Amino acid sequence: MGPPPGDNEPVLHDLFPPGIQHALDLAGIFVFATAGALLAVRKNFDVFGIAVLALVTALGGGLFRDLVIGAVPPAAFGELSFFLTPLLAAALVFFLHPEVQRINRAINVFDAAGLGLFCVTGTTKAYEYGLGLTASAALGLATAVGGGVLRDVLVNEVPSLLRDREMYAVPAVVGASMVAVFIGLDALNAFTTGLAIVTTFVLRLLAMRYHWRAPLAWNRRSAVAEES
């Protein structure tokens, strides 16, 4: 396949060989699919529901990004491994999921890992297709949280993006912004890419550990109970 259409030079493809880049994509898909499948188990979905939630969580954000930037057909439809990887994760979760009381923790850790991987790959791919740095960072965020939003809607929960309990979207914003800044400074390399991924992952874990959250509306009275 030839270089992507756009005025910007490829960035992520210059950092890693194609095989490594493909492995990073599959790693992000696998961890997000695992998070979706674990949530399906918690919701007592059947095997088909587990597979669907794994696919939606893993591929939803990337599909949205590719449609926006005009990368059609989307990568999810051009690579068989992008479909098989979520199904493998769903199968593993179906047979090997941990005890019920440990599922929530596993979901959050896998979700944090996917958040870090996808906000970086989403930002760089958007930039390679000709978007500016700010727009690329915004699509990096959409890539990271889009599958989670669809997942939450399907299980009838308020998406974490809209109610940022324990800072779900903020770490992705930080990671995508770091990548955009590194691109602008011509400083994006294997080390800074890894730094952005790890920063996103660690921020998310710290937010869950210490119950950090994004601010509520200004001057909101604490006596007003938050809706569940």
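Which helix does Phe95 lie in? Phe95 lies in helix α5, where helices (H or I, at least four residues) and strands (E, at least two) are DSSP runs, numbered from the N terminus. Please keep in mind that this is a predicted model, in which local features need pLDDT of at least 70 and side-chain atom pairs count only at pLDDT 80 or more, while totals for chains, interfaces and linings use all residues. Residues are numbered from 1 along each chain as its sequence is written, and side-chain values use heavy atoms, with hydrogens and water left out.

**The overall picture**

- The protein has 9 helices and 0 strands, so its pattern along the sequence reads α-α-α-α-α-α-α-α-α, by the DSSP runs described above.
- Of the 228 residues in the protein, 44% are buried; buried means under 20% relative accessible area, exposed over 50%, and partly exposed in between (1.4 Å probe, protein chains only).
- The protein exposes about 12,000 Å², with carbon and sulfur atoms supplying 65% of it; accessible areas come from the Shrake-Rupley method with a 1.4 Å probe, and for residues only the protein chains shown count as cover.
- Among contacts between residues at least 6 apart in sequence, 77% join residues at least 24 apart, a contact being heavy atoms within 4.5 Å.

**A nonpolar patch on the surface**

- Val47, Phe48, Val52, Leu88, Leu92, Phe94, Phe95, Leu96 and Leu154 form a nonpolar patch on the surface, with about 920 Å² of accessible area together.
- The elements giving two or more residues to this patch are α3 (47–69) and α5 (80–96), and α5 gives the most, with 5 residues.
- Patches are made of residues with over 30% relative accessible area and no salt bridge, joining like charges within 9 Å and nonpolar side chains (Val, Leu, Ile, Met, Phe, Trp, Tyr) within 5 Å; a salt bridge is a side-chain nitrogen of Lys or Arg within 4 Å of a carboxyl oxygen of Asp or Glu.
- Phe95 counts as exposed because its relative accessible area is 64%.

**Two threonines in helix α9**

- Thr192 lies in helix α9 (residues 190–210) and is buried, with a relative accessible area of 9%.
- A polar atom of the Thr192 side chain lies 2.8 Å from the backbone nitrogen of Asn189; a polar contact is a pair of N or O atoms within 3.5 Å, where within protein one must be able to donate a hydrogen and the other to accept it, and residues adjacent in sequence count only if both atoms are side-chain atoms.
- Beyond its neighbours within four places in sequence, Thr192 is in contact with Phe182 and Ala187.
- Thr200 lies in helix α9 and counts as buried because its relative accessible area is 0%.
- The side chain of Thr200 has a polar atom 2.9 Å from the backbone oxygen of Ala196.
- Leaving out residues up to four places away in sequence, Thr200 touches Leu115, Gly116, Cys119, Pro171, Ala172 and Gly175.

**A loop residue**

- Leu131 sits in the loop between α6 (100–128) and α7 (133–154).
- Leu131 and Asn8 are 123 residues apart in sequence, and their C-alpha atoms are 7.9 Å apart in space.
- Not counting residues up to four places away in sequence, Leu131 touches Asn8, Ile69, Ala126, Ser136 and Leu139.

**Aromatic pairs**

- The structure holds 4 aromatic pairs; rings of Phe, Tyr and Trp (its six-membered ring) pair if their centres lie within 6.5 Å, and planes under 30 degrees apart count as stacked, over 60 as edge-to-face and the rest as tilted.
- The rings of Tyr210 and Trp212 are stacked, because their centres are 6.2 Å apart and their planes at 25°.
- Trp212 is partly exposed, at 35% relative accessibility.
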